[in-house]
Amino acid sequence: MPGPLRLSSSLLAFSLSVFAHAEIFQLPTANRALFEPGGEERFFSPTPGKTWESGTFGCVRSDGHQLHEGLDIKWTQRDRKGEPTDPVLAAASGTVAYVNRKPGLSNYGNYLVLRHRIEGLEICTLYAHLASVREDLHAGSALKAGEPIGVMGRTSNTRARIAAERAHVHFEIDFIASEHYAAWHEAHLAGMRNDHGNWNGHNLLGIDPRALLLQQRAKGEQFSLVHFVQTQTELCRVLVRQPDFAFARRHPALVRRNPATDKEGIGAYELVLNFNGIPCQLIPRAPSEVKNYAAKTHLLSVNDAEQKKNGCRKFLTQKAGKWELTAEALQHLDLLAH
């Protein structure tokens, strides 16, 4: 396994200068094939026996039944033993939220999470399967976009080891579901181990980095992260009768103004969810608007086409021809509320 990453000052300066022009997010390695016509096979690392699409974000595993919450980015350089040596770089300026240097404790292997504040949104980036993480990094360390954080690898605790040829960095752009995940996990998932506190992967809700990076490149200075999130394809709308909804409190940029609540106060929130359960828009509802909804949670509408295309989170089920929220969806909404 490669040792700790050490870059010369000249190489560090080069890496920072290369990415300095980017607006918000940058690719986390030197692999730029994502932006080249027909470059997908040189950029994405697929699962064994599958095409490059299996290395992308979304319902792309197990014939569409399993979610892959990030991008698997291929190596561009290897040592004499065939191990990748690509430096992995911070995709945006921020601070280290969490470092796991015990690969046996996670499917992610060695992984690092950075925390960012962008356009009023709390966003994280995650870098997994690292061969090594920079030795001096710890929770609270500040990093600039393009700064090296580790070396690409293939660490994991899965039964099937990642082959050297398939070495990659698994890269995510995530929302945090709850700031109190560890306590919530203890109360609701007591039978399941949690070795990573609030930085358990179940608490990170990925958004498609490929779509984001391509739109950012196309729009340039006109790109807005808030607009990108708000215009995600809608899976469903859900009403939650909880006036103090934690996700709304932490992400006011995603909350739409409702004049009725200015007068009456908030009695509930209407959530516009994408297929991964991210509340892309939150609409406060006044007590008078929700007086006919007795249950705490009510499914308002479903985008049938999106459910058919991207239903791998299994948030919805049909009973007697009518859509209903599953137990998984109700648990997810409870987590978002805390």
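R115 lies in strand β6, which spans residues 110-118. Strands here are DSSP runs of E of at least two residues, and helices are runs of H or I of at least four residues, both numbered from the N terminus. The model is predicted, so local features need pLDDT of at least 70 and side-chain atom pairs count only at pLDDT 80 or more, while totals for chains, interfaces and linings use all residues. Residues are numbered from 1 along each chain as its sequence is written, and side-chain values use heavy atoms, without hydrogens and water.

R115 is partly exposed, with a relative accessible area of 25%. Buried means under 20% relative accessible area, exposed means over 50%, and partly exposed falls in between, for a 1.4 Å probe and protein chains only. The side chain of R115 makes a polar contact with the side chain of E179 at 2.2 Å. A polar contact is a pair of N or O atoms within 3.5 Å; within protein, one atom must be able to donate a hydrogen and the other to accept it, and residues adjacent in sequence count only if both atoms are side-chain atoms. R115 also touches other residues, including G94, T95, I176 and W199. Contact means heavy atoms within 4.5 Å, and residues up to four places away in sequence are not counted.

Strand β5 covers residues 94-100. Of its 7 residues, 6 are buried, so β5 is largely enclosed by the rest of the structure. β5 and β6 run antiparallel and are joined by 5 bridges. Y98 has V113 of β6 as its bridge partner. β5 also pairs with strand β9 (residues 142-143), again in the antiparallel sense, over 2 bridges. Two strands pair if DSSP finds at least two bridges between them. G94 stands opposite L143 in β9.

T155 sits in the loop between β10 (148-151) and β11 (168-176). T155 is buried, with a relative accessible area of 8%. Its side chain reaches the backbone oxygen of L130 at 2.9 Å.

The structure holds 1 cavity of 30 Å³ or more. On a 1 Å grid over the protein atoms alone, a cavity is a set of points where a 1.4 Å probe fits but cannot get out, and lining residues have an atom within 4 Å of a point. C236, V238, L273, F315, L325, A329, H332 and L333 line the largest cavity. The largest share of this lining, 3 residues, comes from α9.

How values were computed
On a 1 Å grid over the protein atoms alone, a cavity is a set of points where a 1.4 Å probe fits but cannot get out, and a pocket is an open set with protein on both sides within 12 Å along at least five of seven lines; lining residues have an atom within 4 Å of a point. Grid points are joined across faces, edges and corners, and a volume is the space filled by probe spheres set on the points.
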